[in-house]
Amino acid sequence: MMSMFTTESVIGVIGAGTMGAGIAQVAANAGHPVLLFDAAEGAAARGREGVDKGLQKLVARGKMKAEDVEALMSRIQVIESLEDMAPAALVIEAIVERLDVKQSVFGQLEDICSEQTVLATNTSSISVTAIGSTLKRPQNLVGMHFFNPAPIMKLVEVISGLDTKAEIASAIYDLSVSWGKKPVHAKSTPGFIVNRVARPFYAEGFRIFQEGGADNATIDAVIREAGGFRMGPFELTDLIGHDVNYAVTSSVFAAYYNDQRFLPSLIQLELVNAGHFGRKTGKGFYDYSEGAEKPVPQTAEAAAKPSSVTIEGDLGVAEPLVAQFEAAGIEVIRTEGDGRIQVGDATLMLTNGQFSTVRAAEISNRNLIHFDLALDYAQATRIALAPADKADTKAVELAVGLFQAAGKAVSIIDDIPGMIVMRTLAMLANEGFDAVNQQVCNEEAVDIAMQGGVNYPRGPINWATEVGLSRILNVLRNLGASYGEDRYRPSPLLLRKVAGGRQA
């Protein structure tokens with residue numbers, strides 16, 4: 001079938017802010033003539049100038065040729081009125097997040113452009129179905145959600161409203177691929193994929209902090225250095241802006257009829273109420289004022305290296321630790337067992353979502369110490385440990401010395417169910433499975449979206465499968481038992497996968 005769009009197809013972009021100008025750059029870079037419009041006087045010209053300045057910096061660094069920049073810029077034409085959008089085969093709006101404004105603009109475009117013109121909204125939170133409800137040709141409307149900065153971020157969520165023609169969504173998907181993007185299909189539901197599945201990344205970190213499990217600098221460090229994420233939840237929300245992040249969470253929470261999974265954080269609300277929005281105001285979870293000291297993560301002092309360690313059974317995803325212990329010159333003794341590490345009187349087990357103290361009582365072992373999940377135990381530079389309340393100091397020191405010998409900084413955190421990385425992954429994967437279960441998208445789309453849209457080190461479903469879905473399910477059930485809340489209910493699809501024996 002012939003493609004709906006070619007490089008000769010005129011692309012219209014409405015809104016010349018950072019996102020709109022970035023989308024215009026992407027389309028022009030792919031060879032399309034681009035019409036750029038903004039209702040604010042002079043804004044479109046400034047948006048075009050901003051693109052040019054950014055590209056000139058690439059020329060100065062040898063990343064682009066001057067003649068290529070000149071050719072690209074020649075394809076971006078600033079227009080003065082909406083009527084000038086008439087030649088466009090595709091018009092993408094990147095304007096204010098208000099339903100009435102978007103409906104008005106698209107309604108005007110239907111009278112200006114041809115009946116074949118595709119209309120795309122870059123909305124991150126408004127229902128595509130709702131936007132199309134007042135249009136004459138809602139079948140021509142599709143969501144085309146880029147991520148900031150549009151020229152760099154690969155993901156495009158292609159969102160189908162209730163009336164969107166399948167051929168239109170497919171054409172936008174193919175066009176996105178031709179623009180060098182990684183598109184995913186999704187249905188128009190609150191938060192689409194990324195803004196829905198990402199909620200637990202912030203929520204679980206905030207909750208651990210609120211309950212005194214660890215301070216924000218330590219949580220961020222564990223998420224980065226053990227979990228492999230580029231930023232922790234406190235650093236990231238300071239960067240995004242708490243006004244923005246809290247508003248998105250509140251929007252998703254309300255849209256899902258107050259489902260506790262999306263419950264906003266009271267500590268984040270306090271920051272919003274105080275006007276401490278993060279970097280842009282100079283203060284959020286961290287202080288960005290000149291001369292302010294950034295808090296450092298809690299790190300255990302050096303402890304003696306143990307001479308030997310006993311590995312009882314298979315450690316599963318944590319098995320790479322064994323080679324690290326051996327490389328450190330520690331004698332490793334292997335016996336049968338249920339997957340635990342014994343060093344002196346200390347018993348180390350990967351967190352299962354229970355309090356260490358509760359599990360210690362169940363197995364009659366006061367010196368139980370939970371250790372947290374890592375993306376890659378061989379590469380992780382930090383590990384979190386959560387001793388049971390009655391664990392003695394000597395046992396904790398042995399555990400610290402063991403992991404330090406394996407080359408890891410050790411953060412001792414309070415006994416919190418699921419710890420930090422494990423409960424974050426469990427909730428991310430669970431939300432991903434639930435999006436699939438509710439027919440929003442497929443599993444592959446979840447993983448592509450979370451890696452391409454928010455730079456996760458791995459797709460949460462793929463990562464959870466490697467950890468073991470039965471283990472993830474057990475963590476969720478134990479979190480639910482620990483808190484007595486519906487928030488941690490397992491997705492029906494996860495239950496089905498585990499019952500069906502899905503393996504990594």
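A salt bridge is a side-chain nitrogen of Lys or Arg within 4 Å of a carboxyl oxygen of Asp or Glu. Lys136 forms one with Asp111, their closest N and O atoms being 2.5 Å apart. Lys136 sits in the loop between α5 (128-132) and β6 (141-146) and Asp111 in helix α4 (residues 99-112), so the pair ties together parts 25 residues apart in sequence. The rule gives a count of 25 salt bridges.

The model is predicted: local features need pLDDT of at least 70, side-chain atom pairs count only at pLDDT 80 or more, and totals for chains, interfaces and linings use all residues. Residues are numbered from 1 along each chain as its sequence is written, and side-chain values use heavy atoms, without hydrogens and water.

The chain has 20 helices and 15 strands (DSSP runs, numbered from the N terminus: helices are H or I of at least four residues, strands E of at least two). Its radius of gyration is 26 Å, close to the 23 Å of the globule rule for 504 residues, so the chain is as compact as a globular protein of that length. That radius is taken over C-alpha atoms, and the rule is 2.2 Å times the number of residues to the power 0.38.

UniProt, in an unreviewed entry, lists residues 191-288 and 418-502 for "domain: 3-hydroxyacyl-CoA dehydrogenase C-terminal". Such annotations may be inferred rather than shown by experiment.

Values for residues 191-288 follow.

| Item | Value |
|---|---|
| End C-alpha atoms of residues 191-288 | 30 Å apart |
| Helix in residues 191-288 | 58% |
| Strand in residues 191-288 | 0% |
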